[in-house]
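Please consult the sequence and the structure while reading.

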Amino acid sequence: MLTNHGIPEDLMRDVLKVAEEFIQLLVEDMENSSSNDPGKKCRLYSNTGFDEEKVHLWRDTFRFSCNTLKDHVEEWPNNPTRLREVIGDYVARVREMSLLLLDLIREGLGLESGYFEGDLSKDQLMNFNYYPPCPDPSLTLGLPKHSDPQLITILNQGTTPGLQVLKDEQWLALDPTPNAFVVNVGHTLQVISNGMLRSGDHRVVTNTYAARTTVGCFIHPSSDCQVQPAKELIKRCSIPLYKTFTYGEFVKNYVKDNLDGNSVLKRYELSQAQD
Ligand code: OGA
Ligand code: NI
């Protein structure tokens with residue numbers, strides 16, 4: 001949980017509000033506005049990424065690229081009319097904060113200055129998640145157990161509870177702290193840190209009484225960027241635990257493995273016996 005981050009409370013509230021308004025407009029016209037194509041930069045979907053035959057998720061998501069305003073602003077929705085303005089401000093501030101956070105993580109890991117700058121943190125995705133009230137929360141989840149594939153996630157989870165994290169094989173509720181962000185270590189950071197930082201499994205449960213809107217920002221490498229355990233860490237103290245991969249290929253496997261219910265990192269693990 002990250003507090004004292006300097007992003008104004010008003011802006012944190014506004015972004016949830018425009019996200020909720022926007023997604024409700026889209027959901028009313030779900031047939032025309034949804035897409036199951038993961039390659040699309042800007043799309044609304046329900047249930048994708050997991051086995052739709054087995055799991056019916058209680059969530060609608062609108063996802064779009066937002067790394068630099070000038071590259072993407074034309075792709076963003078324009079209704080409600082304040083959306084581009086609010087998101088533009090929010091995205092820029094979250095990015096600045098994330099890069100600072102990554103630099104502190106870099107320092108903590110003892111990596112050279114600027115390690116996460118450039119291609120490793122080049123891209124940023126944004127999700128508007130909308131979880132409608134559910135008549136029977138025992139029958140479904142908003143989002144099943146997963147870890148995020150990116151470098152780090154900055155989640156603004158509003159005021160309605162629902163997020164849970166897995167700790168010692170138990171699900172713990174991570175109830176909202178006012179104006180705090182939830183920061184997740186993603187698989188990519190786990191690989192770069194050679195397992196020193198571990199991605200956390202989490203899920204979202206539903207409730208009967210209130211809709212829940214959340215806004216996630218995901219900082220991630222460009223798709224042709226090579227990801228591997230940091231050489232400095234390997235040199236200092238250990239053997240690499242993971243193979244090198246390109247980020248784009250990794251994400252494709254992540255989507256596939258979630259569908260298969262496998263752990264995506266498994267296929268990139270090097271066994272201790274190898275050198
Ligand atoms: C996600 C996620 C949690 C939430 O989008 O990857 O874990 O509370 N969201 O919406
Ligand atoms: Ni997640």
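Two strands pair if DSSP finds at least two bridges between them. Strands (E, at least two residues) and helices (H or I, at least four residues) are DSSP runs, numbered from the N terminus. This is a predicted model, in which local features need pLDDT of at least 70, side-chain atom pairs count only at pLDDT 80 or more, and totals for chains, interfaces and linings use all residues. Residues are numbered from 1 along each chain as its sequence is written, chains are lettered from A and ligands numbered from 1 in the order in which they are written, and side-chain values use heavy atoms, with hydrogens and water left out.

**The sheet**

An open sheet is formed by four strands in the order β4-β9-β6-β7, with antiparallel pairing. Its edge strands, β4 (143-146) and β7 (170-173), each pair on one side only. On average, neighbouring strands of this sheet are turned by 25° against each other, direction ignored; the axes are lines fitted to C-alpha atoms, and angles run from 0 to 180 degrees between N-to-C directions. Strand β6 (residues 163-167) is joined to the antiparallel strand β9 (residues 202-204) by three bridges. In β9, His202 stands opposite Val165.

**The nickel site**

Which residues coordinate the nickel ion (ligand 2)? His146 (NE2), Asp148 (OD) and His202 (NE2) do so, at 2.1 Å. Donors are N, O and S atoms within 2.8 Å of the metal (3.2 Å for Na, K and Ca); water is not among the atoms, so sites may look incomplete. The spacing of the donor residues in sequence is H-x1-D-x53-H. His146 and Asp148 are both buried, that is, under 20% relative accessible area, whereas exposed means over 50% and partly exposed lies in between (1.4 Å probe, protein chains only).

| Residue | Distance to an oxygen atom of ligand 1 |
|---|---|
| Asp148 | 3.1 Å |
| Arg212 | 3.0 Å |
| Thr214 | 2.7 Å |

Taken alone, ligand 1 exposes 290 Å², and the protein buries 95% of that; these areas come from the Shrake-Rupley method with a 1.4 Å probe.

Terms used:
A polar contact is a pair of N or O atoms within 3.5 Å; within protein, one must be able to donate a hydrogen and the other to accept it, and residues adjacent in sequence count only if both atoms are side-chain atoms.
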